[in-house]
Amino acid sequence: MGLESSKWAIIFLVCWCLGDGNTSLQKLATSIVFFFCLSDVSCNSVEQKIYVELNNTVPCVRLLNATHQIGCQSSISGDTGVIHVLESEADLEWPLSKGPNPPYMVLLESSLFTRSIMMKMKNESNRVAGVAVVVPNTSPPEFSPHTTCPNENTGVYSDNYGPNLAHCNTTVWNPRGNGLSYEEFDFPVFSLKEDNETEFIKQCYLDHNRAVNGSAPQYPLCAMQLFSHMHAVTNTPTCMRRNDINFSINPEMVCDPLGDYNVWGSIRPYNDTVFGHKENESVVIAAARLDSRAFFWEVSTGAEGSVSGFVTLLAAAQALREVTHEAPPTRNILFAFFQGETFDYIGSSRMVYDMENGKFVIDLDNIHSVLEIGQVAVHSGTNLFLHSDPVSRRNNTVNDEVREELFSSFFSSTAGLSFLLVEPNVSQPLPPSSLQRFLRAQPIPGIVLADHESAFNNRYYESFYDNAANLNLTYPSDLSPEEQLEFVTDTAKSLTDVATVVARALYKQAGGNESLVNNIKADPKIVTQMLYGFLVSSNNSWFQAVMAPELKNILKPSPPEYYVGVAMSSTPTRLVQYLLANLTGAATNLTQSQCQKPDELPNESRQMYSYLWVQGIVPPNSTERDSFCVRASVRLTKAVSPAFELGEYASKDYSTWTESRWKFIKARIFLVASRDLEMLTLGVGVAVLFTSLLVTYFISTKADVLFSSTREPASAAY
């Protein structure tokens, strides 16, 4: 047994010697420590020699709502299993029944990450320690882990409102949905990238674990350990109640409400300290959602599901800036970007709640109509569809407004563009949309613009495959990142046309000057820059220029994550806030200190405007940025479910989603020895321990003899 193996016995001896009052023993202990330092024994970590840490992993985490929990978790000490690479569904027989060395850690390709396979492993969880999914660089034909009827229990349709339309009775919006994101798994599930780490794991399996001719592999075996223990259990009422139990100075929270901030702005500013109804004020709301999700934590890219919609709305807002200054429409236009819509409409339900309770700058009675931009990934030869609510349109006033103004505004705005607008069957319900939360409160005229007539065209709804490739966002291979930023793709051209139609329709709906409508055009360069920043790399020169200096670190050489999370002020929220301000606001001559304290200046008011100091561009032949102050009527308001403000954690009216907390997430692989060898090692270790104790006891009892020093007799002085 080497020095590393006997180190613990020596450390025990050293501690005992140092604790003894005998000076000679303390000298011995010091000598031992000095010897070990010279030998460099304590500088090598046993753990690093045993384990190979996996760095490119993403876990599935636990989420909770009013009634149950979903997601995945490991035991408190992590779950360990022998690796088995699944090659087909028939191969499940080995880990679930036939394999002699359970539990197994199942490694599978994304093509095998199906509901059928996952549920079989869930039902035999005593033999499955965990699952690792290899996410390839290419996408499968289709994959959606969401439900077939998104947000079915918190939309407008219910037993009291269009009962025949509730629960997707007439239209299944997401037929590809397998519901995996809403299942609970009692074992950890991690994703792995298709890279060198994954190849190393597969090679470890081939070298040690692969059965030959049906015979059991020989030890040592390659094993994996996954750590993702979640603190919260059962449901949101339970975890929030545990949060309120304070037995210590620093109580430990177990879960947090999902939430962020909504971003909104208007063409005419509102005093953000004066809430409630505005007399003689009529407002058209243009809305889009900001968030998305995936089965795994924070790997949601939401290209078609959310980015296509809010990029279109941002481009439309920019297209309206000049014309609304030149000829302001009679009605105000309020641009709203909602967070948390994936989880039972968190953002829109909060804005409606604030309007109902006098906590927003307008109320529901000020709303003239709502136009929402949904999934608008327009491909060649496709149409866009104008969805409306058949129930509210039974009211003649609402029906006339929808047909004669909203539809008319759109149909007359498509001149010279590459697609057609179509009205679906009048008996079809609204698709999942924020408009449904407004209709729950009041019969407001509204439409949802989308690229699907009934079922979603999006083959990867709420999955990690809904990325730039899903929008056909491609670039020539010889372009640099900066050239890609400026390259106008076909996708950008299509969304520019959609943004142009939206801007024209909004201007008409707001009562703008008809003679100026055809002059309204979205800018394809701005659209292509936004698509690049939101779907390829947020750390680009344009995003750097429009952001505040203190926020530059949120820009990464990758797209942002669109999962709403619990941190508040996520990267997408901040990006949209600053982009909307730059695209609709005005650059001022204020200095940085004046930008921070504008109320000290005449004709400036923080109550009416927000003031944002941005980095600006780097001029040619310069190293310093031309920073400046942007004045815009852009604000942030909370996008946290009213259920948490009201303390109604079991609410059926509002979202109750929370995210469990955890201490750490980790994955690693190692070689595991046979049971016999482990017992032999334990026996040898115990023998070494007792031998060390006997030696220590012997040295202690003979210390006076072993460590005595001969003293010379003292000289007598006379």
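Me: Ala, Val, Leu, Ile, Met, Phe, Trp, Tyr, Cys and Pro count as nonpolar, Asp, Glu, Lys and Arg as charged, and the others, Gly among them, as polar. How do the residues lining the largest pocket divide?

Reply: This is a predicted model. In the lining of its largest pocket, 16 residues are nonpolar, ten are polar and five are charged.

Me: How many residues line that pocket, and which lie nearest its centre?

Reply: The lining has 31 residues. Nearest the centre of the largest pocket are Val135, Lys193, Thr301, Phe464 and Asn467.

Me: And how much space lies in it?

Reply: The largest pocket holds about 870 Å³.

Me: Which strand gives the most to the lining?

Reply: That is β9, with three residues. Both β2 (57-59) and β9 (189-193) supply at least two residues each to the lining of the largest pocket.

Me: Switching to cavities. How many are there of 30 Å³ or more?

Reply: The count is six cavities of that volume. The largest cavity has a volume of about 240 Å³.

Me: What lines the largest cavity?

Reply: Its lining has 21 residues, and those nearest the centre are Arg289, Glu372, Pro432, Ser433 and Tyr461.

Me: Now helices. How do α14 and α16 cross?

Reply: The axes of α14 (residues 524-535) and α16 (residues 571-584) come within 13 Å and cross at roughly 165°. Angles over 145 degrees count as roughly antiparallel, so α14 is roughly antiparallel to α16. Their crossing is right-handed.

Me: Which residues make the contact?

Reply: From α14, Ile526, Met530 and Phe534. From α16, Leu575, Val576, Leu579 and Leu583. By class, the contact of α14 with α16 has seven nonpolar residues, no polar ones and no charged ones.

Me: What about α10 and α13, at what angle do they cross?

Reply: Roughly 140°, with the axes of α10 (residues 396-411) and α13 (residues 490-509) coming within 7 Å. These two helices are therefore oblique to each other. The crossing of α10 and α13 is right-handed.

Me: Which residues meet there?

Reply: On the α10 side, Glu401, Glu405, Leu406, Ser409 and Phe410. On the α13 side, Val501, Val502, Ala505, Lys508 and Gln509. The contact of α10 with α13 has five nonpolar, two polar and three charged residues.

Key: Residues numbered from 1 in each chain as written. Predicted model: local features only at pLDDT ≥ 70, side-chain atom pairs only at ≥ 80, totals over all residues. Heavy atoms only, no water. Axes fitted to C-alpha atoms, helices over the stretch in contact; angles between N-to-C directions. Helix = DSSP H or I, 4+ residues; strand = E, 2+ residues; numbered from the N terminus. Parallel < 35°, antiparallel > 145°, perpendicular 65-115°, else oblique. Left-handed = near helix turned anticlockwise from the far one by under 90°. Contact = heavy atoms within 4.5 Å. 1 Å grid on protein atoms, 1.4 Å probe; cavity = no way out; pocket = protein on both sides within 12 Å on 5 of 7 lines; lining within 4 Å. Points joined across faces, edges and corners; volume = space filled by probe spheres on them.
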